[in-house]
Amino acid sequence: MKRFAAAVLAVSMLAALAACDSAAPAQNTGSENASVTESGTVSGSESAADSQSEDGITKEKYQTMTEDDLLATVKDINNVTTDEYVELINTLRFVDIVDDPESTNYMGLAENITTTALGKIEYEAKPKFQDYADTLLQSEYPQVRGYAFSNMGSLFGVSDESISKSKEILKTEENDYVLYCAISAFSNELKTDPDILDFAVRMSESDNPKLRYRAALAFGNSWSIGVDGALDRVLMLMKDENTDVRAVACQYSGKLADDSVVDPLVEIINDESEDIKVRKSCVEGLFSLWYDYPFHKNMSEKAYKATMDYFKTTPRNNDIPYWSNVGLFANKASTSYDEWKENATYFDTDELYDVMCDIVEDSEANWMARTAAVRAIKAQCSEEQFESLKTIVDGLSDTNARFIQDEYTKQAEAE
């Protein structure tokens, strides 16, 4: 079970790191001459555009090249030297950093031939990362430094050597793209080194909401359980001025497995002036505390009761209960659910059945929430309860009744 949990969390971390190669921030690009377009693209510095390093490539030439042209500079594609590999990575200096102001969780580089070329080289033919990491981290180009940080993670986390090489650089790094890549890389490493924790604290206080967003993910995950100040940071970010930051902090707060977040989450859920995105994220945070899919290891009776109170809330409308929140009940991990349910004595499937039936019957509720309630009963309740639901479903006559009836039929026919 521990291996499964570690693997899932590691894959999530790598997916987050991949986002770092897709778009990025506008504040700093390593040059006073950087320019920002209306779309949020941060052009490379003029010095980078005009410069010609040992690879003999200028920005103008780069824009006419293909990935195969880049690979042609390598003498033996099956045995790439460290210098050759670094030269390839250095061509990222010609790639625009993109900052989408509408996407708080999106930073990286524009689509480019360098990344494609690097991907064509077989793993065995590449030099070891530690052989060239220092060179990349010392680069004058933020695109290259960001690449270094975004490639530090693995299924086994960030190595001690990479952390050692990084922490001094991070004390003075000011480029937002590089910082984004770094906080993404070190999200699960706050226990590893006090300097990394200090770095994460600094990111949680950044003027850039994208960095605060990533800090919320770093402090709000199970790897940060027991980290000094993690809970306080999450509670602080749950009140952030940015909606997306508030939402992600609320969503991941439950992963700290601390009942201290229940009351703040309930307070936000009951705040009708709050954005629905944040309120639904609070329910997800509660679920993590007591249901904890796919691990099914957390058990909080207080969070369970708060969750059920939310689903009992009337009058219902298009947003309350939020349809995806109802759908959370349909998620079950076969490897851990039964053991969890045996120990989670607070979980009352009879209570769940009654509440879900109320949602199914409520014509004021969102039709997707009602169909999700059908799936919830199928997943969590007895066969007899699911069969008794048919009488309720068949008796529906509102304008959305057919959607609920079709869903019931679909679930009844499923194995």
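A pocket, on a 1 Å grid over the protein atoms alone, is an open set of points where a 1.4 Å probe fits, with protein on both sides within 12 Å along at least five of seven lines; its lining residues have an atom within 4 Å of a point. Keep that in mind for the second topic.

The model is predicted: local features need pLDDT of at least 70, side-chain atom pairs count only at pLDDT 80 or more, and totals for chains, interfaces and linings use all residues. Residues are numbered from 1 along each chain as its sequence is written, and side-chain values use heavy atoms, with hydrogens and water left out.

First, the overview. The protein chain has 23 helices and three strands. Those are DSSP runs numbered from the N terminus, helices being H or I with at least four residues and strands E with at least two. The chain has 415 residues, and 53% of them count as buried. Buried means under 20% relative accessible area, exposed means over 50%, and partly exposed is in between, with a 1.4 Å probe and protein chains only. Now contacts, meaning heavy atoms within 4.5 Å. Take those between residues at least 6 apart in sequence: 71% join residues at least 24 apart.

On to the second largest pocket. Its volume is about 400 Å³. Grid points are joined across faces, edges and corners, and the volume is the space filled by probe spheres set on the points. Which residues line this pocket? They are Y85, Y123, K126, P127, K128, F129, Q130, Y132, Y147 and N151. Six of the lining residues are nonpolar, two polar and two charged. For those classes, Ala, Val, Leu, Ile, Met, Phe, Trp, Tyr, Cys and Pro are nonpolar, Asp, Glu, Lys and Arg are charged, and the others, Gly among them, are polar. Helix α7, residues 129-137, gives the largest share of the lining, three residues.

Y85 sits in helix α5, residues 82-90, where E84, Y85, V86, L88, I89 and N90 are buried. These buried residues pack against α4 (67-71), α6 (113-119), α7 and α8 (142-150). Y123 lies in the loop between α6 and α7. Buried or exposed? Y123 is exposed, with a relative accessible area of 69%. Its C-alpha is 9.4 Å from that of N78, 45 residues away in sequence.

The expected span is 1.5 Å times one less than the number of residues. Q385, F386, L389 and V393 are buried in α22. Seen down the axis, these fall within an arc of 95°, so they line one face of the helix. The arc is taken over the directions from the helix axis to the C-beta atoms. The face turned away carries exposed E383, E384, E387 and T391. Covering the buried residues of α22 are, among others, α20, α21 and α23.

Now α23, residues 401-413. Those 13 residues should span 18 Å at 1.5 Å a residue; the end C-alpha atoms are 19 Å apart, in agreement. A401, I404, E407, Y408 and Q411 are buried. They cover an arc of only 130° around the axis, which puts them on the same side of α23. K410 and E413 are exposed on the other side. The buried residues of α23 pack against α20 (349-361), α21 (367-380) and α22 (383-394).

Last, backbone geometry. Where are the cis peptide bonds to look at? One joins Y293 and P294, with omega about 5°. P294 is in the loop between α16 and α17 (301-312). Another joins I320 and P321, with omega about -5°. P321 is in the loop between α17 and α18 (323-327).

The α16 to α17 loop also holds H296. H296 has a positive phi of about 50° although it is not a glycine. At 4% relative accessibility, H296 counts as buried. A257 has a positive phi too, near 55°. That residue is in the loop between α14 (243-253) and α15 (262-269). A257 is partly exposed, at 41% relative accessible area.
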